[in-house]
Amino acid sequence: MTKAINNPFFRTYETPFKTPPFDKIQTEHYEPAFEKGIEELNKEIEEIANNDQPATFANTIVALERSGKLLNNVSNAFFNVLSAEANDEMMEISQRISPKLSESSNNIYLNEKLFIRVKAVYDQKDKLNLSIEDSKLLDETYEAFKIQGATLNSNDKEKYRKLSTDLSILTLKFDQNALKDKNRFELLITNEKDLAGLPESIRETASMEAKNKEKEGWLFTLSAPSYIPFMRYADRRELREKMYREFMSIGNKGDEYDNKEIIKQIVNIRLEIAKLMGFKDFADYNLKHTMAKKPANVYKLLNQLLDAYKPIAINEYNTIQGFAMGCENENITVMPWDWSYYSEKLKDIRFNVNDEMTRPYFELGNVKEGVFKLATQLYGITFKENKEIPVYHPEVQAYEVYDVDGTFLSVLYTDFFPRPGKQSGAWMNSVKPQYKDENGHDSRPQIIIVMNFTRPTKTRPSLLTFDEVNTLLHEFGHALHGMFAKGTYASLSGTNVYRDFVELPSQIMENWLTEKEYLDQIAIHYSTGEKIPQDMIQKLVDAANFNTGYACCRQVSFGLLDMAWHTLTEPFDGDVIAFEKKAWQPAQIVPEVDGTLMSSSFGHIFSGGYAAGYYGYKWAEVLDADAFAAFKAAGIFNKDIAKSFRDNILSKGGAEDPDVLYKRFRKQEPTIDALLVRTGIKK
């Protein structure tokens, strides 16, 4: 009883803006809250299903939408912390609770009485005179029941119940295996000669990492701020090869963290689910509710991009190959562990610009303020740090965000640095989505962006690479999508849009980073306070499309790999490594390496919601190039264009189909032409 009384989830949050009381939430609080949340949801569902009144939009569809408040609260808190600050106990809880959450979901979508009521409302849709948003909620609710087994016979429903539960456990296990395997590798260098080529800032960070673990020397890991600069600058080729092979064998070592059998199980379960639902493969099943609609349209885009960019990429590789041979004065083959190293050297020669020259101008604090300022210039919103808002880790900062008219817009959390319990990469998520309550009150969102940036050292603040600044802009674009949400229903709010549309608001933000007007105001030297020199800005702009063919082919290769796994029409029990190499071979530019495997750590498609959806990055890139052309034509800080983008794209969420929203903003069909122009392929 004491635990229940003291459990913060069981009380109204007495925090600023009713944010989660992370300072009071203990690990022991999560599981009881999950249990009670599931219990309450089950009761609510039974009440809706057994209502003796005729089914209506309000008593069935809206009631279902607004059910499960406690479960949503604990889930949002738990899974955000699990991704950013996991420990063994949290992982164990996730393994216990995952099948229960899957069962709870199945108890909704496989509830025959409930589906009868949902279908009854859906069948009279044309007579209900619903708003566009209400109509969309009804459509999405009905389709959710269909794709999660509501129309199956009783035997197939039980099959689906088991398959979906097994899948939830496997995807979670995949993620945790990859994290644990990544974290256990360390490259400790004790001979300073082995640091040749590495800039002083990277050495200092590596020295600090070693000291933090009570070791002598310089410590490198597979986290992005450590791995990427090592591959870019380290002269010792055999050490670059070692790092690459380790990175490309995460989850592929034949031990307790090996993910190859899990991959087989995941793709086979997804295939079985798709066939249960009457589809030939998982991609066909999963793409129905996307802009692409079907696999043929995905392959059409990927092949268009290959046709345009692969010849460029091959020329780029040959150029780097020749440059490397000249550097080493011997006939070497440029391998994957050589690409970043020689590319960086050639870029430095051609454009006289590199990360170590630009880092001093990209101090994290200044950059963050510069990103906030961009949002102010475009949309008029402002940011105010609030240290009274509880956070789950001391490094996390919380901000109040206010709209142009001074009304409260959102809470924004930022979490910038790598930690052992944090997943790799960068992401945005909702701590609480936006929605309107039963009384029409607008409940504003709470948004989080999480990164893995270069840490400060004793002598320097956190100085970002150009790519890290780009990543911040990208995730901040997702944050704007969440913060500007202005809908009625949480399930249609913010980033709850089609997977191949969700990257548009994030990727369009990256465009400003190669615009002189913006770079001039964001890049300020951390020690002198001087703005970045104009000639350096020009060099960054000139270098923006360096090796753009290779970069495009690399992304296309990931899309091909994803589609290959999810267009299987028969159960897979083959060689995972061989399958991967064949799948992405059409887009490969650099020679393949025996024994390496990306699939075993490819969390996007095996645990992150991008299954049969990784192409969405390129799909959205076509949209963002076309959309940014509107800003270029009117001025990159044009408030009228920004308002149109906000009103038609950022605020609408999933209330309307994305093709309708996009055409309303651009009034034209997007093609790859704008992307080709932006990347210098087409004049």
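Predicted model: local features only at pLDDT ≥ 70, side-chain atom pairs only at ≥ 80, totals over all residues.
**Notebook: helices, salt bridges and a charged patch**

I began with helix α25 (residues 616-634): at 1.5 Å a residue, its 19 residues should span 27 Å, and the end C-alpha atoms are 27 Å apart, which agrees. I then looked up how covered α25 is, and 15 of its 19 residues are buried. Just after α25 I found G635 with a positive phi of about 115 degrees.

**Salt bridges**

I counted 52 salt bridges. I picked out E85 and R419, whose side chains meet in one at 2.5 Å, N to O. E85 sits in the loop between α4 (69-84) and α5, and R419 in the loop between β5 (408-415) and β6 (427-432), so this pair ties together parts that are 334 residues apart in sequence. Are the two partners buried or exposed? E85 is partly exposed, at a relative accessible area of 25%, while R419 is buried at 9%. I also see that E85 and R419 belong to a salt-bridge network with E395, D415, K422 and R455.

My next pair was R240 and D338, with the closest N and O atoms 2.7 Å apart. R240 is in helix α11 (residues 237-247) and D338 in helix α15 (residues 336-351), so the bridge ties together parts 98 residues apart in sequence. I checked their cover: R240 is buried, and D338 is too.

Then I went to K264 and D573, a salt bridge whose closest N and O atoms are 3.6 Å apart. Where do the two residues sit? K264 is in helix α12 (residues 260-276) and D573 in the loop between α22 (548-566) and α23 (576-584), so I have a link between distant parts of the chain, 309 residues apart. K264 has 11% relative accessibility and counts as buried, because the cut-off for buried is under 20%. D573, at 66%, counts as exposed, because that is over 50%.

**Negative patch**

Which residues form the negative patch? I list E28, D88, E89 and E92. Helix α5 (residues 88-109) gives the most to this patch, with three residues. E28 is in helix α2 (residues 27-49). I have E28 down as partly exposed, with a relative accessible area of 45%.

**One last look-up**

I finished with N303, which lies in helix α14 (residues 295-328). N303 is partly exposed, with a relative accessible area of 38%.

Definitions and conventions
Residues numbered from 1 in each chain as written. Heavy atoms only, no water. Patch = residues over 30% accessible without salt bridge, like charges linked within 9 Å, V, L, I, M, F, W, Y side chains within 5 Å. Areas by Shrake-Rupley, 256 points an atom, 1.4 Å probe, with all protein chains shown as cover. Salt bridge = Lys/Arg side-chain N within 4 Å of Asp/Glu carboxyl O. Lys, Arg positive; Asp, Glu negative; His and termini not counted. Charge placed at Lys NZ, Arg CZ, Asp CG, Glu CD. Helix = DSSP H or I, 4+ residues; strand = E, 2+ residues; numbered from the N terminus. Buried < 20%, exposed > 50% of the residue type's maximum accessible area, 1.4 Å probe, protein only. Expected span 1.5 Å × (residues − 1).
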